[in-house]
Amino acid sequence: DGLLFHEPDSPAVLSTGGGRHWPEGRGVMLLQGSEGGNVWAWINEEEHFKLNIDRKDGKLKQSLTEATAVLKLLESTVGFAKTQRLGYLTSCPMNLGIAMVASYVLRLPNLMLAKKELVDW
């Protein structure tokens with residue numbers, strides 16, 4: 001679930017040519033994740049490459065270890081576009097330089113049990 005991506009419809013993305021030749025030249029690569037998680041890559045969605053690590057066990061350090069291993073392998077085999085002045089090159093100017101965005105989704109099923117404390121906080 002959540003592995004496939006949708007045709008771009010954002011004017012900002014379309015103005016950069018991000019929807020050109022849809023859906024050819026795009027794909028999803030599912031990699032063998034370690035115990036407790038899935039690893040997949042989106043190829044030519046909005047960026048050229050987007051790595052996703054989905055773990056149900058909450059082991060953030062293991063997620064970072066997996067991501068680092070995949071990225072090192074890719075950089076050593078195909079490389080990434082990089083310049084001295086701008087850093088890593090990306091489709092989205094917001095990601096220019098480090099070319100990395102990290103986010104976490106946490107499930108907190110018992111959070112509403114502390115509703116009064118949250119309101120007071």
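Reader: Is Asn52 buried or exposed, and what is its relative accessible area?

Author: The model is a predicted one, in which local features need pLDDT of at least 70, side-chain atom pairs count only at pLDDT 80 or more, and totals for chains, interfaces and linings use all residues. Residues are numbered from 1 along each chain as its sequence is written, and side-chain values use heavy atoms, with hydrogens and water left out. A residue is called buried under 20% relative accessible area, exposed over 50% and partly exposed in between, with a 1.4 Å probe and protein chains only. Asn52 has a relative accessible area of 14%, so it is buried. Asn52 belongs to strand β3, where strands are DSSP runs of E with at least two residues, helices are runs of H or I with at least four, and both are numbered from the N terminus.

Reader: With which residues is Asn52 in contact, leaving aside its neighbours within four places in sequence?

Author: Contact means heavy atoms within 4.5 Å. On that basis Asn52 is in contact with Asn38, Val39, Trp40 and Trp42.

Reader: Where is Asn95 found, and which residues does Asn95 touch beyond four places in sequence?

Author: Asn95 sits in the loop between β5 (87–88) and α3. Its relative accessibility is 14%, and therefore Asn95 counts as buried. Asn95 touches Glu47, Thr90, Met100 and Val101, residues up to four places away not being counted. Glu47 is 48 residues from Asn95 in sequence, and their C-alpha atoms are 9.4 Å apart.

Reader: How many salt bridges are there by the rule used here?

Author: A salt bridge requires a side-chain nitrogen of Lys or Arg within 4 Å of a carboxyl oxygen of Asp or Glu. The count comes to three. One of them joins Asp54 to Lys56, with the closest N and O atoms 3.3 Å apart. Asp54 is partly exposed at 26% relative accessibility, whereas Lys56 is exposed at 64%.

Reader: Which residues are linked with Arg55 in a network of salt bridges?

Author: The network links Arg55 with Asp57 and Glu66. Between Asp57 and Arg55 the N to O distance is 2.6 Å; between Arg55 and Glu66 the closest N and O atoms are 3.2 Å apart. Because Arg55 lies in strand β3 and Glu66 in helix α2 (residues 60–77), this pair ties together parts that are 11 residues apart in sequence. Arg55 is buried, with a relative accessible area of 13%, and Glu66 counts as buried at 10%. Asp57 is partly exposed, at 32%.

Reader: What is the nearest side chain of opposite charge to Glu45, which is buried yet has no salt bridge?

Author: For charge, Lys and Arg count as positive and Asp and Glu as negative, while His and the chain ends are not counted. The nearest such side chain is that of Lys50, 4.6 Å away. Glu45 is placed in the loop between β2 (37–43) and β3 (49–55). Beyond its neighbours within four places, Glu45 is in contact with Phe5, Gly18 and Lys50.

Reader: How many helices and strands are in the chain, and why is the chain described as more spread out than a compact globule?

Author: The chain holds three helices and five strands. The radius of gyration, taken over C-alpha atoms, is compared with a globule rule of 2.2 Å times the number of residues to the power 0.38. For 121 residues the rule gives 14 Å, and the chain has 18 Å, well over that value, so it is more spread out than a compact globule. Of the 121 residues, 19% count as buried.
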